[in-house]
Amino acid sequence: MHIPDGYLGPGTCGLFYLIMLPIWTAASRIVRKTLNARQVPLLAIGAAFSFVIMMFNVPIPGGTTGHAVGGVLVAILLGPWAACIAITVALVIQALLFGDGGITAIGANCFNMAVVLPFSGYYIYKAISRSSPINSKRRVIAAGIAGYIALNIAAVITGFMFGVQPLLYKTASGVSLYCPYGLNVALPVMLGEHLLVFGWVEAIVTALVVRYLQSHSPELLVEGGKS
Amino acid sequence: MKIISKFWIFICGLIVLSPLGLLLPDHFKAGSAWGEWGLDEMEQLVGYIPRGLEKLSNLWSAPFPDYAFKGWEDKGLFFLSSAYIISAILGVLVIVLVVMGIGKFIANK
């Protein structure tokens, strides 16, 4: 899901940097209000967790690879705005140090993995778990479903970004300048592989950790003090 | 033990296991993630390298591309796995420093 340099045209890259600027500003303002200094280590853990979990490439035999993001879990524990900051840090380090995701695509990649994913996951989790007890099975299932659906929504939007490139950028003779695959390929492939394999990884990771925290540190699952 | 310490142990465990993210795709002959091909792969797939893509793709040369060390590419899976773990440790350290820095800046005391 890490779009490299060269797959998105300059306009698309610029647009998503422009979209991300106010979101990053809002995130730091909101997190400043709600996150207290004692929670900073948790934010660091959230960013580190997301970074490492993304290194677990899961193969589709003979095909491609993909991975979970861990962002839904971070959003459930710290709230979606803090998750946005944590995942942004992970993505920027991945791009700068490890060439995983392009630097021109940091805005687009952050939009998908640090905004769409944690926000949709957080609200799906909240909608399903409602006011169920902190230690209820319903919350484990809610976490799994949220992880699965949120990663797939992010995958669809990533597929859309890839897929519109041939429409936006081509030479006079119709040859693609950036991502050469259109929506008819990019959307079904991105969605299909995440529906089939990678979404389940996000679902299982999110549900298992929520299950563990229910018995070991339930206070982390309580609402309030979240941004 | 405090939950924060348990989380760090969990992350250390993930770092040690991280080469699975390298070895499993290798074992099952899975290639790059969709849409993350290098220039050679792109040429094989579509028969040409889009001109804009070629120009932008070399914009940034990361110090540890693909969580590996330059020059270790042909040293085999053991070295690649070691580089993967070292990259994970390095990445986590830098991330912790950055988040702590951000935390100093924005969190209320």
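Visitor: Which residues of α5(B) meet α4(A)?
Guide: In this predicted model, the side contributed by α4(A) consists of A:I85, A:V89, A:A90, A:I93, A:L97 and A:F98. By class, the contact of these two helices has 11 nonpolar, two polar and no charged residues. The residues that α5(B) brings to meet α4(A) are B:S87, B:G91, B:V94, B:I95, B:V98, B:V99 and B:I102.

Visitor: Is the packing of α4(A) with α5(B) roughly parallel, roughly perpendicular, roughly antiparallel or oblique?
Guide: The axes of α4(A) and α5(B), the latter covering residues 77-106 of chain B, lie 10 Å apart and form an angle of about 130 degrees. The crossing of the two helices is right-handed. Angles over 145 degrees count as roughly antiparallel and those from 65 to 115 as roughly perpendicular, so α4(A) stands to α5(B) as oblique.

Visitor: Which element supplies the largest share of the side of chain A that touches chain B?
Guide: The contact draws 59 residues from chain A and 52 residues from chain B. On the side of chain A, at least two residues each come from α1 (10-34), α2 (40-53), β1 (58-59), β2 (65-66), α4 (80-98) and α7 (183-216). By class, that side has 40 nonpolar, 16 polar and three charged residues. Its largest share, 11 residues, is supplied by α2(A).

Visitor: Which residues have the most contacts inside the largest nonpolar core?
Guide: Leaving out residues up to four places away in sequence, B:I95 touches A:A44, A:A47, A:A48, A:F51, A:V89, A:A90 and A:I93. The largest nonpolar core has 107 residues, and those with the most contacts inside it are A:A48, A:V52 and B:I95.

Visitor: Is A:Y181 buried or exposed?
Guide: A:Y181 is placed in the loop between α6 (137-168) and α7 of chain A, and, beyond its neighbours within four places in sequence, is in contact with A:F162, A:G163 and A:A186. A residue needs 20 or more other C-beta atoms within 10 Å to count as buried. Because A:Y181 has 21 such atoms within 10 Å, its class is buried.

Visitor: What is the phi of A:R130, and what is the phi of B:D66?
Guide: Most residues other than glycine have a negative phi. A:R130, which is exposed with 10 other C-beta atoms within 10 Å, lies in the loop between α5 (106-129) and α6 of chain A, while B:D66, partly exposed with 17 C-beta neighbours inside 10 Å, lies in the loop between α4 (51-57) and α5 of chain B. Each has a positive value: phi of A:R130 is near 45 degrees, and phi of B:D66 is near 55 degrees.

Terms used. Residues numbered from 1 in each chain as written. Chains lettered and ligands numbered in written order. Predicted model: local features only at pLDDT ≥ 70, side-chain atom pairs only at ≥ 80, totals over all residues. Contact = placed C-beta atoms within 7 Å. Helix = DSSP H or I, 4+ residues; strand = E, 2+ residues; numbered from the N terminus. Nonpolar A, V, L, I, M, F, W, Y, C, P; charged D, E, K, R; others polar. Core = buried A, V, L, I, M, F, W, Y, C linked by C-beta atoms within 7 Å. Buried ≥ 20, exposed ≤ 12 C-beta atoms within 10 Å, placed from the backbone. Axes fitted to C-alpha atoms, helices over the stretch in contact; angles between N-to-C directions. Parallel < 35°, antiparallel > 145°, perpendicular 65-115°, else oblique. Left-handed = near helix turned anticlockwise from the far one by under 90°.
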